[in-house]
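This note is intended for a colleague who meets the structure for the first time. Its points are numbered and may be read in order.

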Amino acid sequence: MTPAIATVRADCAADPAGTLTFDLTVPAPAPAPAAVLLLRRRGAAGDRPGGTVRIPLDGSGPGRLRAVLPASTGLSEGRWDAYVEEPGSETTRTVEPGLRDLRALVDRSPDTGAASVSARVPYPTADGRLALRCWVRAPHAEAGAVVVGPAGMTVEGMLYGVAVGEGAVVEARLPGDPVRTHSFPLTPAGGPSGGFAFTLPYGPPGPAEGPVHAAQLWHLWLVPAAGAAGVRISRILDDVWSRHKSFVYPAREAAPGVLATPCYTADNDLCLRLEPGPAGR
């Protein structure tokens with residue numbers, strides 16, 4: 001059996017359609033001809049049908065192997081870890097991230113009539129491994145500009161897979177039992193079909209309707225028509241795998257002793273955070 005690969009490092013490049021190319025640098029001896037790049041969905045889902053994807057590795061130069069993940073390959077939403085798997089070997093080798101050229105993913109504009117929107121962003125994990133953050137949304141509400149005003153946040157975006165109809169609103173939902181909900185008008189925005197806009201006030205009649213004794217994370221949903229199912233408002237159509245710490249907005253006073261801050265979760269979902277704060281800030 002060919003000895004296992006000792007260390008693997010992968011450079012990643014994306015094209016505008018979302019196809020990802022992985023160029024792996026491997027030390028001698030070369031892996032077996034049937035070696036593959038293995039993508040495994042993190043957690044228990046990786047052991048279920050569809051939880052692993054194997055991509056053939058082809059030589060692209062001395063000490064280099066290439067794997068191509070077409071945009072059409074089905075990957076369910078979640079985080080996928082990358083490994084090299086060799087035939088006959090009982091172990092897999094983790095892949096370290098190299099250069100990532102993801103410029104083609106910035107400001108992607110899918111067809112607004114598409115039934116679903118998918119996005120995949122290679123990223124380095126906290127412990128130095130290569131992984132993919134994948135989203136599959138059907139339909140999808142893509143957040144664009146977020147303007148932090150003195151009394152509310154204004155958001156523009158694009159809606160994919162469904163049209164804005166009569167009675168469309170944006171809902172701020174606070175998870176719990178029961179779920180607390182506030183609704184606000186949604187308006188079609190000028191420009192391309194599918195554009196939308198809304199302003200969410202921080203204080204009454206907004207989420208800060210009373211004292212806030214601990215941090216609250218209000219999730220934002222777009223309801224495209226009266227009685228329709230809500231669509232999570234997120235930002236996934238670029239090269240940022242997690243906006244949780246990289247997109248930081250200023251806080252504003254929502255009510256005396258309550259601060260409001262637009263924010264994103266680690267999964268790039270748009271929220272409004274309310275928390276106790278000094279009055280008069």
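1. A residue is called buried under 20% relative accessible area, exposed over 50% and partly exposed in between, with a 1.4 Å probe and protein chains only. By this scale phenylalanine 196 is buried, at a relative accessible area of 0%, and phenylalanine 198 is buried as well, at 3%. In the protein chain, which has 281 residues, 45% are buried.

2. The model is predicted, so that local features need pLDDT of at least 70 and side-chain atom pairs count only at pLDDT 80 or more, whereas totals for chains, interfaces and linings use all residues. Residues are numbered from 1 along each chain as its sequence is written, and side-chain values use heavy atoms, with hydrogens and water left out.

3. On the overall architecture: the protein chain has zero helices and 21 strands. Both kinds of element are DSSP runs numbered from the N terminus, helices being H or I of at least four residues and strands E of at least two. Taken along the principal axes, the C-alpha atoms fill a box of roughly 70 × 40 × 35 Å. A contact is defined by heavy atoms within 4.5 Å. Of the contacts with a separation of 6 or more, 61% are between residues 24 or more positions apart.

4. Which aromatic pairs deserve attention? Rings of Phe, Tyr and Trp (its six-membered ring) pair if their centres lie within 6.5 Å; planes under 30 degrees apart are stacked, over 60 edge-to-face, and the rest tilted. This rule gives three aromatic pairs. In one of them, the rings of tyrosine 123 and tryptophan 241 are stacked, because their centres are 5.7 Å apart and their planes stand at 20 degrees. Tyrosine 123 belongs to strand β9 (residues 117–124) and tryptophan 241 to the loop between β18 (231–234) and β19 (252–255), so the pair ties together parts 118 residues apart in sequence. Tyrosine 123 is buried, at 4% relative accessible area, while tryptophan 241 is partly exposed, at 27%. The pair of phenylalanine 196 and phenylalanine 198 is also stacked, since the ring centres are 6.5 Å apart and the planes are at 10 degrees.

5. A charge sits over a ring if NZ of Lys or CZ of Arg is within 6 Å of the ring centre and within 35 degrees of the ring normal. Arginine 40 lies over the face of tyrosine 83, 5.4 Å from the ring centre. The charged end of arginine 243 is placed over the ring of phenylalanine 247, at 4.5 Å from its centre.

6. Where is cis geometry found? The peptide bond from alanine 138 to proline 139 is cis, with omega near -5 degrees, and proline 139 lies in the loop between β10 (130–137) and β11 (140–148). Another cis peptide bond joins aspartate 177 to proline 178, with omega about 5 degrees; proline 178 is in the loop between β13 (169–174) and β14 (180–185).

7. Aspartate 107 has phi near 55 degrees and is located in the loop between β8 (92–101) and β9; its relative accessibility of 57% makes it exposed. Asparagine 268 has phi near 70 degrees and lies in the loop between β20 (258–264) and β21 (270–276). Is asparagine 268 buried or exposed? With 0% relative accessibility, asparagine 268 is buried.

8. Leucine 217 is in strand β17 (residues 216–223) and is partly exposed, with a relative accessible area of 32%. Leaving out residues up to four places away in sequence, leucine 217 touches Arg173, Leu174, Pro175, Cys263, Thr265, Cys271, Leu272 and Arg273. Leucine 217 and valine 146 are 71 residues apart in sequence and 17 Å apart in space, C-alpha to C-alpha.
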